[in-house]
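I wrote them in the order in which I looked things up.

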Amino acid sequence: MEPSSLATSDSWIIIVLGSCTRLLNFLKHQWSAPLPHIRSVSATNRLLAALPRKNCEQLLVNCEQIELIFGEVLYRPKELIPYVYFPIGSSISLEMPINGGAGLEVKLIGNEGMLGITLILEVDVAPFHALVVGAGPALRMTAPLFLRELERSVALQQELKHYLYVSMSQLALTTTCTRFHVVEARLARWLLMTHDRAQSDHFHITHEILANMLGVRRVGITKAARSLLKQKLINYRRGDITILDRVGLESVSCECYQADKEIYERVLG
Ligand SMILES: [Zn+2]
């Protein structure tokens with residue numbers, strides 16, 4: 001289904017709850033016919049929820065909801081950006097490939113952010129590899145529609161400029177973290193960040209993907225995961241991770257986890 005047809009489609013309409021719950025009332029007033037098959041989403045995207053109501057509504061009618069699949073590649077470096085994504089229960093890893101192979105994770109995007117922010121700089125080519133590492137729902141909009149909405153909404157421009165600032169700061173923070181902090185602390189940080197985005201105590205990730213994302217050998221991930229397991233902070237079995245003690249995990253993580261959150265809250269909170 002074309003995103004632009006969402007507003008008039010009889011099939012389904014996406015409602016984002018949270019600060020945008022008023023959208024339901026808005027939609028009911030906009031269409032005289034009953035709305036069939038309204039499906040609600042029990043989570044929200046914070047960037048969309050923070051927008052003024054009218055801007056949020058305008059964006060949502062141009063979005064379609066999709067289910068992101070674990071391992072799906074959304075962007076490849078140097079290729080055109082076809083869509084922007086607003087995760088609402090999924091997470092996406094931005095990675096910089098090295099020598100044509102798996103690279104290093106430079107940013108994790110979940111319901112606090114969006115994929116495709118470089119479009120606001122009028123660059124329509126992806127700078128990073130974008131890999132789905134947390135399956136779940138997301139809202140998607142074509143790049144042309146997004147640029148049209150961006151042009152006509154000052155509020156959206158302002159918010160996304162702030163998000164770009166946050167993203168740049170987080171990229172720098174992750175680079176420093178990778179250079180100076182030990183694998184166990186970095187793994188704890190990644191698990192906390194994923195826990196925040198997954199909105200669940202359980203999620204799936206393999207040793208191989210974790211090793212690629214953190215830029216270490218698999219044996220390094222195995223050793224760090226065993227340590228967290230021994231401390232009863234997590235449970236880990238065949239890629240299925242359960243967070244058992246979040247407070248304990250925070251104490252093991254490097255300070256970059258809190259610094260990352262503080263950057264976001266200071267600029268966008
Ligand atoms: Zn760190």
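Leaving aside neighbours within four places in sequence, which residues is Ile69 in contact with? I find Val132 and Ala135, where contact means heavy atoms within 4.5 Å.

I note the basis before going on. This is a predicted model, in which local features need pLDDT of at least 70 and side-chain atom pairs count only at pLDDT 80 or more, while totals for chains, interfaces and linings use all residues. Residues are numbered from 1 along each chain as its sequence is written, and side-chain values use heavy atoms, with hydrogens and water left out.

Ile69, continued. I place Ile69 in the loop between strand S3 (64-68) and strand S4 (73-75); strands are DSSP runs of E, at least two residues, numbered from the N terminus. Ile69 counts as exposed, at 56% relative accessibility (exposed is over 50%, buried under 20%, partly exposed in between; 1.4 Å probe, protein chains only).

Cysteines. I searched the whole structure for disulfides and got 0, a disulfide being a pair of cysteine sulfur atoms within 2.5 Å. Cys63 is buried, with a relative accessible area of 1%. Cys256 is also buried, at 4%.

Notes. Helices (H or I, at least four residues) and strands (E, at least two) are DSSP runs, numbered from the N terminus.
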